Amino acid sequence: MIAALRKEFLLQWRTRAQAVAVFVFGATSLLLFSFAIGPNAAALRQHAAGFLWLGLLLSSTLTLSESFHAEMENRALEGLLLLPVSPRVLYYGKALANTVQLMLLGIALVPVMVVLYDAGTTRIPIVLLIIALGTAGISAPGTLYSAMTAQARAKQTLLPLLLFPLIVPVLLASVKATSLAILGDPMDQSSAWLALLVAFDGIYWSLCGLLFDRVVED
Amino acid sequence: MTGGYITGGWPYVIAAYSWTALVLTAYAVSLFVRLRKSR
Amino acid sequence: MLANPRFPKLPYALMTLGVVCLLIGSYLGLFVAPPEHYMGEVQRIMYVHVPTAWNWMLAVLFTFGAAIAYLFTSDFKWDARVEAGLEVGALLGFLLCCQGAIWAKPTWGVWWDWDPRLTSTAVLLCSFAGILALRRFVDEPTKRAVLSSVATIIASVDLPIVYFSVRWWNSLHQMQSSPATVSSQFHLPLRLNAFGILFLMSGFIALRARIASQRLSSELAPPPQELVGELA
Amino acid sequence: MPMEPLAIDASHLARRYGRRWALSDVSFQLAPGKIMMVAGRNGSGKTTLLRILSTAIRADIGHATVGGHDIVKERDAIRRATALLAHQSYLYESLTARENLEIISGAPAASAALERVGLLDRANDAVSTFSAGMRKRLSFARVLLQKPSIAFLDEPFGQLDPEGFALVEEVIAELKRGGATVIVATHQVDRVGRFADAQLALENGRVA
């Protein structure tokens with residue numbers, strides 16, 4: 001597992017220019033959302049969490065659809081499977097690397113949100129926890145779908161088409177929890193939303209690991 | 001005789017039934033066409 | 001070689017039986033049953049909406065089962081049923097959303113009222129549409145079958161999660177509207193329509209699976225003669 | 001029957017790609033420690049056969065054992081015992097030669113393998129800067145690192161310069177001295193014929 005992770009982070013380090021480009025994409029989309037609403041500060045602040053997560057979700061498809069690009073070149077994926085590397089180790093290595101990359105992206109987008117939508121919050125640890133759980137929820141099925149769509153034509157359009165309906169619960173829970181953190185949480189509802197995120201992560205981190213070897217074997 | 005608070009519901013009822021019937025028949029027709037084409 | 005020749009005429013019989021039941025059930029629901037006390041005539045949409053919902057759920061369960069069966073048996077007849085189930089499931093899901101919208105307009109004044117059941121139907125409809133698109137973009141038959149089965153399993157497992165998360169998300173500002181508890185004399189049209197759609201749907205799935213099988217047998221070369229005996 | 005299990009015992013293997021049977025009804029046996037040449041033109045099914053036996057892909061019909069392990073039930077055992085030199089290089093373009101090898105084993109073994117194939121001076125360059133011949137040598141290093149008891153080499157001489165040919169023949173001899181079985185798929189029958197112990201000729205998917 002360590003070797004798999006080392007390889008993943010090496011790969012990501014080598015293609016870090018792409019990660020910066022994805023961040024710029026995310027920040028630009030946050031800007032665009034504010035144009036859609038207009039300069040009304042109160043409204044922007046109200047929807048700040050929603051915009052953050054929409055921006056993160058849209059940029060996540062860029063990182064996810066590239067995550068198996070290296071493996072598809074020169075059929076490196078088959079090379080790994082024949083070593084043998086267990087598909088499960090390969091999946092969890094890739095999913096973990098994707099989660100970390102999306103978390104960094106999310107954390108980098110928070111200041112952009114705070115500035116653009118005046119959505120400052122003192123509950124930094126809660127926001128970080130939500131970002132961790134939310135991005136884990138996106139990258140578990142996202143990694144599996146990226147491995148699937150890497151073997152299909154038109155993978156750029158297929159991945160979001162398959163992923164977005166699936167992660168509706170993650171989006172709902174993350175946006176709710178984040179906005180409670182920003183706008184105040186009188187009745188302490190965020191624990192319920194965090195529980196939902198944990199449940200979703202638990203289900204999909206195990207289910208996708210189980211199904212991954214069928215997706216990559218020929 | 002149309003008691004109850006919501007009155008004048010008929011057009012919606014007709015719309016729901018006819019739309020359902022239309023979509024189901026269209027699908028049935030598409031099945032027959034595809035069945036004949038792929039034989 | 002894959003299409004089941006055992007009962008060639010069965011789907012057509014099922015469909016006609018279904019149409020007959022639907023006609024009778026709808027006639028009873030539209031003209032014979034009394035209007036509901038609160039909702040008046042609009043309640044009659046229930047006689048087609050609720051049966052569609054029951055059968056949509058059945059179609060989703062059928063597709064989920066067929067996907068699991070394919071992963072275990074790698075037998076293409078299950079893949080054909082997955083494809084059929086996906087399409088008919090999407091069809092019924094689409095109908096459900098339309099009926100739900102038509103029902104919501106007079107009742108709540110808006111076309112879409114974020115009712116947890118309807119919303120999760122719409123979400124699964126998008127998932128099924130996505131899987132159908134995936135099937136069209138993967139050419140190798142075996143790979144296409146495995147990937148769409150895996151995607152079907154993942155999307156189906158997501159259904160209850162979406163339902164509960166939307167219910168929490170939605171219950172804050174509007175009491176969840178469940179169709180009025182249907183008193184006895186309303187049952188007959190409901191049950192008739194339910195069986196009507198069930199027969200019709202089964203006929204659709206059987207025919208659609210046959211189409212899928214025929215396409216498959218034209219895509220897959222038959223086994224070489226000298227190996228026919230060897231077929232595992 | 002030889003005492004040790006056969007290196008390879010294949011019967012009625014067949015695999016189709018859509019409408020075409022790339023391989024149909026191929027059966028053969030191979031004793032361990034031998035070098036076998038699988039000869040045939042392009043599209044004769046050589047690559048498909050090697051990919052089935054190395055468990056890269058599944059056979060649609062038929063069954064086989066490799067190193068005594070069944071290709072359907074004991075795939076992991078076969079993968080530990082074998083290595084495949086495929087058309088594709090199995091390399092990560094954005095990683096360096098050394099990093100590609102360190103996915104398989106520790107640094108010392110990786111350096112030794114790099115030296116063996118004459119790439120030590122390019123160890124820290126990204127594979128994307130490598131020529132086709134250098135990639136083939138690096139793929140060879142990948143095969144050696146796995147210390148296979150059965151090696152599948154698909155067109156080992158492709159894209160190599162004359163020095164490369166000598167290297168390939170040395171490596172095959174080294175594998176054989178180590179007791180390994182080597183299966184070489186090639187259309188250069190004369191070159192491989194010189195040192196092959198057994199031969200299997202394929203013609204559009206069937207044993208010629």
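Me: What makes two residues count as being in contact here?
Reply: Their C-beta atoms, placed from the backbone, have to lie within 7 Å. By that test, 4 pairs of chains touch, and chains B and C have the most contacts among them. Bear in mind that this is a predicted model, where local features need pLDDT of at least 70, side-chain atom pairs count only at pLDDT 80 or more, and totals for chains, interfaces and linings use all residues. Residues are numbered from 1 along each chain as its sequence is written, while chains are lettered from A and ligands numbered from 1 in the order in which they are written.

Me: What makes up the contact of chains B and C?
Reply: Chain C puts in 30 residues and chain B 24 residues. On the side of chain C that touches chain B, α1 (10-32), α3 (76-108) and α6 (187-219) of chain C each give two or more residues. The largest share, 9 residues, is from α3(C). Helices here are DSSP runs of H or I with at least four residues, strands are runs of E with at least two, and both are numbered from the N terminus.

Me: How do you know that chain B and chain D do not touch?
Reply: Their nearest C-alpha atoms are 16 Å apart. Chain A and chain B do not touch either, with nearest C-alpha atoms 24 Å apart.

Me: Why are α5(D) and α6(D) called roughly parallel?
Reply: Helix α5 (residues 132-145) and helix α6 (residues 162-177) of chain D have axes that cross at roughly 10° and come within 11 Å. Axes are lines fitted to C-alpha atoms, for helices over the stretch in contact, with angles from 0 to 180 degrees between N-to-C directions. Angles under 35 degrees count as roughly parallel, over 145 as roughly antiparallel, 65 to 115 as roughly perpendicular and the rest as oblique. So α5(D) and α6(D) are roughly parallel to each other.

Me: Which residues of α5(D) and α6(D) meet?
Reply: D:Gly133, D:Lys136, D:Arg137, D:Phe140 and D:Leu144 from α5(D) meet D:Gly164, D:Leu167 and D:Val171 from α6(D).

Me: What makes β9(D) and β10(D) a pair?
Reply: Two strands pair if DSSP finds at least two bridges between them. Strand β9 (residues 198-203) of chain D is joined to β10(D) by 2 bridges, and the strands run antiparallel, so they pass. D:Leu202 has D:Val207 in β10(D) as its bridge partner.

Me: Why is one side of β10(D) left without a neighbour in the sheet?
Reply: The open sheet of chain D has 6 strands in the order β6-β7-β8-β3-β9-β10, with mixed pairing. β6 (82-85) and β10 (206-207) of chain D stand at the edges with a single partner strand each, so one side of each has no neighbour in the sheet.
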